[in-house]
Amino acid sequence: MKGLYFQQSSTDEEITFVFQEKEDLPVTEDNFVKLQVKACALSQINTKLLAEMKMKKDLFPVGREIAGIVLDGILPLDSEDPGLCEVVRVHEHYLVHKPEKVTWTEAAGSIWDGVRAYTALHYLSHLSPGKSVLIMDGASAFGTIAIQLAHHRGAKVISTACSLEDKQCLERFRPPIARVIDVSNGKVHVAESCLEETGGLGVDIVLDAGVRLYSKDDEPAVKLQLLPHKHDIITLLGVGGHWVTTEENLQLDPPDSHCLFLKGATLAFLNDEVWNLSNVQQGKYLCILKDVMEKLSTGVFRPQLDEPIPLYEAKVSMEAVQKNQGRKKQVVQF
């Protein structure tokens, strides 16, 4: 039985994924179950986090968002089994029931982004009805889930589009997005657009997709064009606002901190793996997983999925995912 693995000795410029034979380990420990995998979604592997956690195995299993008979869930960071395999062994504490109405591909393709959106909007920014929310890069697989969750909670949503196709996608949302800001040509000022939309008050919650930290001369051309500067985010943030960032190396100068202090604003970091790094919050984590599945079943979430792919194409697809190529979620179907 083969599984897909990431070769950690490879470089960022030459990322390598390999299929390896995997032993069919018997379930010998309490609370572990065997899971027949029906679908597995593909997401980027955080190589920096693996290095910081000193997880220096030569081959790291690929694929952790899985759906199977009869359970589905996210494999823990230290799992020995790749989700891209016919059968895996997993602890029952990382599993939740899949509703009958939800397909295998929908379950696998929604759960990771669902957990991220739920964490950002519920636990980190305390979203409530009537709040205004700026969701950067809303046409991404994660952005679409976040927009739908924000709408479900009664928020007013503003989003940015990185291309004409993204803009058209966002304009088709129902309920409609309050304002779609097209940043593809680099000429639109995000802060001005948000302040105009909120009558100069600023937005209550900002969920970024990365920010520029330095001057134009020190940033790559692509990042210059599509991402706002950190000063723009601080400017458009309202009094008592919440800034949830995915920028793990965010640097704030004293004037930046002072401006946030004057606004009484908060800054939170969205770490994808936070629920898996400690068992203290296991109960909350399982509640999130269960709620994501329920919202998927009732139609609150409609994931942006690409056409399912067979296992033999997983290596090529994972290479593209790791390079952040493509907009829709890739799901391997067994």
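Trainee: In β13, which residue is the bridge partner of isoleucine 205?

Mentor: Good place to start! This is a predicted model, and in it isoleucine 205 is partnered by histidine 242 of β13. Strand β12 (residues 203–207) runs parallel to β13, and 4 bridges join them.

Trainee: Which residue in β14 does histidine 242 stand opposite?

Mentor: That is threonine 266. β13 pairs with strand β14 (residues 266–269) in the parallel sense too, over 4 bridges. To get from β13 to β14, the chain passes through helix α8 (residues 254–263), making a right-handed β-α-β crossover.

Trainee: Is strand β13 mostly covered or mostly uncovered?

Mentor: Mostly covered: of the 9 residues in β13 (residues 237–245), 7 are buried.

Trainee: Now a helix. Which residues of α4 are buried?

Mentor: First the general idea: an α-helix has 3.6 residues a turn, so residues three or four places apart point the same way. Now the case here: in helix α4 (residues 164–171), the buried residues are Asp166, Cys169 and Leu170. They lie on the same side of α4, because they cover an arc of only 95° around the axis. Leu164 and Glu165, on the other side of α4, are exposed.

Trainee: What covers the buried residues of α4?

Mentor: The cover includes α3 (141–152), β10 (156–161) and β11 (179–182).

Trainee: And how many disulfides are there?

Mentor: In general, a disulfide is a covalent bond between the sulfur atoms of two cysteines. Counting pairs of cysteine sulfur atoms within 2.5 Å gives 0 disulfides here.

Methods:
Residues are numbered from 1 along each chain as its sequence is written. This is a predicted model: local features need pLDDT of at least 70, side-chain atom pairs count only at pLDDT 80 or more; totals for chains, interfaces and linings use all residues. Side-chain values use heavy atoms; hydrogens and water are left out. Buried means under 20% relative accessible area, exposed over 50%, partly exposed in between (1.4 Å probe, protein chains only). Helices (H or I, at least four residues) and strands (E, at least two) are DSSP runs, numbered from the N terminus. The arc is that of the directions from the helix axis to the C-beta atoms. Contact means heavy atoms within 4.5 Å. Two strands pair if DSSP finds at least two bridges between them. A crossover is right-handed if, with the strands pointing away from the viewer, the path from the first strand over the helix to the second runs clockwise.
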